[in-house]
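Please examine the following structure and work through the questions that accompany it.

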Amino acid sequence: MGLLAAGIGAGIVAIGAGFGIGMIGKAAVESIARQPEASADIRGAMILTAALIEGVALIAAIVCILLVFFA
Amino acid sequence: MEINIDQIIYWEWGFIKLNATLVYSWAVMVVLVSISWFVSRDLTEGTGISRKQALIESLVVVIQKQIEETTQEKTDRYLPFIGTLFLFILVSNLISVIPGVYPPTASLSTTAALAISVFVAVPIFGIGSRGVKSYFENYVKPTPLMLPFNIIGELSRTLALAVRLFGNIMSGSLIVAILLGLSPLFFPVVMQAFGLLIGVIQAYVFAILALVYIASASRIHNSEEADSTEIINPQNR
């Protein structure tokens, strides 16, 4: 049961985080195409925002790993 | 396959245990300290600097420029703390390519210690640059109702800082271990190379987030002045 919950949870985490990071990537690529001279700033902001999403996703992923090994 | 490198114990005497986290974080410290000791023996100025000094100077200048770009102020105040965090995490992440070596940042103890040092550094830098009263007024800034949310936000971002670094590095080595069981020849090498990229990005992210937290706590005063000048300027035009 813990294994099943961990698998479903990891899948849902992947959906959410992938959607969020996809949105960031879309916006970043669009704005780099619009203003190529600002690409350094945009890349920094993109990595920072992606890291914030990734932090939430990883907290969820670690809950799933804990479920696999300890539940 | 080890999920918790705190449980790999190399040497034990009574209640003193030397686990992998301790050993490798001390190894990283020895590497960093010996390199900087070796380089800073014969520092010179002018054009005739040695090759090793040029190498380390260019590294420090890159960190300095990044700090200036992020905080939008010309100061060297954050350089020692943020630079040390960045270099320590970077070297810790990168030593995982050596076979048999576990990165110390794959342990929640190390990353929690780093995140707590950021948590402590925020009020130290904030009070140091703005004074006690001005710093604590920041917690009740829009209304006193926001006090609990500000405190919760500060705690949760510390937790996120620790778990982000731990999760990335731990899952990187875990994926390599799982892939070694499935397809031992090719894919672990690719994932290991990918893990190097992740390690550099995570060191950058940790340092930049720590910098943003510290700078935002110590710089509200300036931004208020900037806002007021922005409001005044259109009237002048």
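Predicted model: local features only at pLDDT ≥ 70, side-chain atom pairs only at ≥ 80, totals over all residues.

**Contacts and surfaces of chain B**

Q: Which residues does Thr21(B) touch, not counting residues up to four places away in sequence?
A: Contact here means heavy atoms within 4.5 Å. With residues up to four places away in sequence left out, the partners of Thr21(B) are Ile5(B), Asp6(B), Pro104(B), Ser107(B) and Thr110(B).

Q: Is Thr21(B) buried or exposed?
A: Thr21(B) lies in helix H1 of chain B; helices (H or I, at least four residues) and strands (E, at least two) are DSSP runs, numbered from the N terminus. Buried means under 20% relative accessible area, exposed over 50%, and partly exposed in between (1.4 Å probe, protein chains only). Because its relative accessible area is 6%, Thr21(B) is buried.

Q: In what order do the elements of chain B run from the N terminus on?
A: Chain B holds 8 helices and 2 strands. From the N terminus on, the order is β-β-α-α-α-α-α-α-α-α.

Q: What percentage of the residues in chain B is buried?
A: The C-alpha trace of chain B spans about 70 × 55 × 40 Å along its principal axes. Of the 237 residues in chain B, the buried share is 34%.

Q: Which elements of chain B each supply at least two residues of the nonpolar patch?
A: The patch covers about 1000 Å² and includes Tyr10(B), Trp11(B), Trp13(B) and Trp26(B). Accessible areas come from the Shrake-Rupley method with a 1.4 Å probe, and for residues only the protein chains shown count as cover. The elements that each supply at least two patch residues are strand E1 (9-13), strand E2 (16-19) and helix H1 (20-39) of chain B.

Q: Why is Tyr10(B) partly exposed?
A: Tyr10(B) is placed in strand E1 of chain B. Tyr10(B) counts as partly exposed because its relative accessible area is 42%.

Q: How many salt bridges are there between chain B and chain A?
A: In the interface, 16 residues of chain B are in contact with 12 residues of chain A. The two chains bury about 1300 Å² between them, 82% of it on carbon and sulfur atoms; buried area is the accessible area (1.4 Å probe) that two parts lose on being put together, summed over both. Between chain B and chain A, the number of salt bridges is 0.

Q: Which helix gives the most to the side of chain B that touches chain A?
A: Helix H6 (147-182) and helix H7 (187-218) of chain B each give two or more residues to that side. The most, 8 residues, come from H6(B).

Methods: Residues numbered from 1 in each chain as written. Chains lettered and ligands numbered in written order. Heavy atoms only, no water. Patch = residues over 30% accessible without salt bridge, like charges linked within 9 Å, V, L, I, M, F, W, Y side chains within 5 Å. Salt bridge = Lys/Arg side-chain N within 4 Å of Asp/Glu carboxyl O.
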